[in-house]
Amino acid sequence: MGRCYGDSALSAHIVDARSLNHFLDFDSSSGLLTVESGVTFDEILQVFVPRGWFLPVTPGTRFVTAGGALASDVHGKNHHVDGSFSDHVLWFDLFTASGQKLRCSRTENADLFHLSLGGMGLTGIVLALAFYMKPIETAYIRQHTVRCENLDETMAGLESYGNWTNSVAWLDCMAGGKAFGRSILMLGESAKLQELSPKQALNPLKIHSTKGIPFPIDMPSFTLNRFTVQAFNRVYFNKHPKGSQDSVVHYEPFYYPLDKVLGWNRIYGKRGFTQYQLVVPHQDARKGLQEVLELLAKRRMSSFLTVLKIFGEQPENYLRFPKAGFTLTLDFGIADSLWPFLNELDQVVEQYGGRLYLTKDVRMSADFLRRTYPMAQEFIDKLKEMDPVGTFRSLQSERLSIHA
Ligand SMILES: Cc1cc2nc3c(=O)[nH]c(=O)nc-3n(C[C@H](O)[C@H](O)[C@H](O)COP(=O)(O)OP(=O)(O)OC[C@H]3O[C@@H](n4cnc5c(N)ncnc54)[C@H](O)[C@@H]3O)c2cc1C
């Protein structure tokens with residue numbers, strides 16, 4: 001679906017997997033769903049929510065394919081409890097550079113299995129995959145919203161509410177002084193039938209709306225500047241009363257707020273935007289995040305949408321991104337001043353033992369990848385052994401000198 005933010009799905013020749021769009025099998029006793037890799041999360045939800053099943057892990061858009069979710073090893077708001085998407089995959093069929101179709105699982109072609117999770121499609125084309133869905137009683141989320149007045153409260157909130165399955169903090173990256181790092185923390189748990197309002201209970205397994213509102217034009221690139229972002233953030237933050245609030249909301253606004261507006265990215269204008277997603281391990285995360293946010297203020301950069309999440313433990317595995325710590329996502333409109341600034345941010349991220357998410361990346365250097373992903377070189381060596389000519393490549397893998 002081309003939903004990665006960078007150049008990992010771009011190449012001179014592109015294999016479009018969307019015609020691999022069949023549902024193959026479902027075992028209702030275990031929740032194991034088998035689909036071809038081009039089936040989208042949107043399609044899965046339409047079929048399975050009315051039957052009382054939900055995705056085990058979902059990114060912030062449902063317009064992704066199951067194959068893309070595996071290749072990026074996507075994570076959701078529940079990583080600290082449920083891990084990432086790949087953790088729920090039992091097996092997949094891979095079309096390899098040698099022209100074979102191989103079944104890969106934790107016991108069959110195990111190394112190829114692990115190389116392909118988060119492997120950005122470089123090991124071959126995922127044709128079909130089987131993963132476990134989660135049972136749900138309703139399509140609603142019991143939401144608890146907490147206003148956090150500064151960075152300490154935000155980070156402590158994400159840690160202390162770790163028993164909630166879903167958590168995410170929208171962060172006001174423009175606030176300074178005592179309000180530095182303030183946020184709205186959103187926690188969510190799949191709602192039980194008795195928690196719904198009488199109106200919600202009329203259709204407890206209601207699917208999301210399949211219509212979106214199109215964003216009509218490319219906005220002029222000055223629309224999102226320091227002042228408009230600051231004003232928006234202030235209004236959004238103050239819309240939430242001090243303390244906390246409880247509500248029951250449909251899964252659509254909880255998981256997929258951006259999907260409602262089709263082509264929302266046009267708000268950044270013709271030059272577009274890029275996303276910078278970093279993770280820093282728990283140790284010194286407070287200092288690391290503070291330095292990142294301070295650098296933003298110092299260089300007068302603004303991120304329109306800034307999100308902080310917590311990652312649970314995840315063993316180091318080739319190019320998979322998550323590791324225990326905090327992950328911060330920043331959106332920047334493209335400008336000439338952006339690239340040197342991101343190079344500066346890289347230095348902070350590396351200094352605190354962090355790294356960047358490949359599916360959001362469009363400019364990381366080959367050396368930075370090797371320095372921040374301890375298993376990157378092993379991935380590259382094994383890939384070269386399997387596929388010496390680099391059959392499956394992308395603009396990203398070329399930029400990162402993965403095949404050279
Ligand atoms: C609004 C929005 C919110 C997002 N939120 C999150 C989030 O919360 N968490 C998160 O982890 N990600 C998030 N993402 C990123 C997105 O989930 C990933 O980029 C995902 O991989 C996109 O899936 P896709 O089908 O569009 O794949 P593409 O973008 O088309 O491809 C992504 C990668 O997967 C490979 N690939 C795709 N299909 C196959 C296949 N069949 N076989 C082998 N390789 C394949 C491609 O080669 C490429 O390297 C978000 C993206 C958007 C636009």
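This is a predicted model: local features need pLDDT of at least 70, side-chain atom pairs count only at pLDDT 80 or more; totals for chains, interfaces and linings use all residues.

Residues are numbered from 1 along each chain as its sequence is written.

**The domains**

Colour the protein chain by its parts: domain 1 (17-135), domain 2 (140-365) and domain 3 (368-399), with bounds that come from an automatic or database domain assignment. The centres of domain 1 and domain 3, taken over C-alpha atoms, are separated by 22 Å. Seven residues of domain 1 are in contact with 11 residues of domain 3, contact meaning that the C-beta atoms of two residues, placed from the backbone, lie within 7 Å. On the domain 1 side that touches domain 3, four residues are nonpolar, three are polar and none is charged. In this division Ala, Val, Leu, Ile, Met, Phe, Trp, Tyr, Cys and Pro count as nonpolar, Asp, Glu, Lys and Arg as charged, and the others, Gly among them, as polar.

**The ligand shell**

Next, select the ligand and the 28 residues around it, of which Arg3, Pro59, Gly67, Gly68 and Gly121 come nearest; a residue is near a molecule if its C-beta atom, placed from the backbone, lies within 6 Å of it. Helix H2 (66-72) and strand S6 (125-132) are the elements that give two or more residues to this shell, and H2 gives the most, with five residues. By class, the shell holds 13 nonpolar residues, 14 polar and one charged. Helices (H or I, at least four residues) and strands (E, at least two) are DSSP runs, numbered from the N terminus.

Now select helix H1 (residues 41-48), where Phe41, Ile44, Leu45 and Phe48 are buried. A residue is buried if 20 or more other C-beta atoms lie within 10 Å of its own, exposed if 12 or fewer, and partly exposed in between, with C-beta atoms placed from the backbone. Look down the axis of H1: its buried residues fall within an arc of 100°, so they line one face of the helix, the arc being that of the directions from the helix axis to the C-beta atoms. These buried residues pack against strand S3 (53-54).

Move to helix H12 (residues 376-386), in which Ala376, Phe379, Ile380 and Leu383 are buried. Down the axis of H12 they fall within an arc of 95°, so they too line one face of the helix, whereas Gln377, Glu378, Asp381 and Glu385, on the other side, are exposed. The cover over the buried residues of H12 includes helix H4 (110-116) and helix H11 (366-372).

**Leucine 24**

Select leucine 24 in strand S1 (residues 23-27). Is it buried or exposed? Leucine 24 is exposed, with 12 other C-beta atoms within 10 Å. Leaving aside neighbours within four places in sequence, leucine 24 is in contact with Thr34, Val35, Glu36 and Ala128.

**The open sheet**

Finally, show the open sheet of eight strands, ordered S12-S8-S10-S9-S15-S16-S14-S17 with antiparallel pairing, where two strands pair if DSSP finds at least two bridges between them. S12 and strand S17 (355-356) are the edge strands, each pairing on one side only. Strand S8 (residues 140-148) pairs with strand S12 (residues 244-250) over seven bridges, and glutamine 143 stands opposite serine 247 in S12. Eight bridges join S8 to strand S10 (residues 183-190), where serine 190 is the bridge partner of isoleucine 141.
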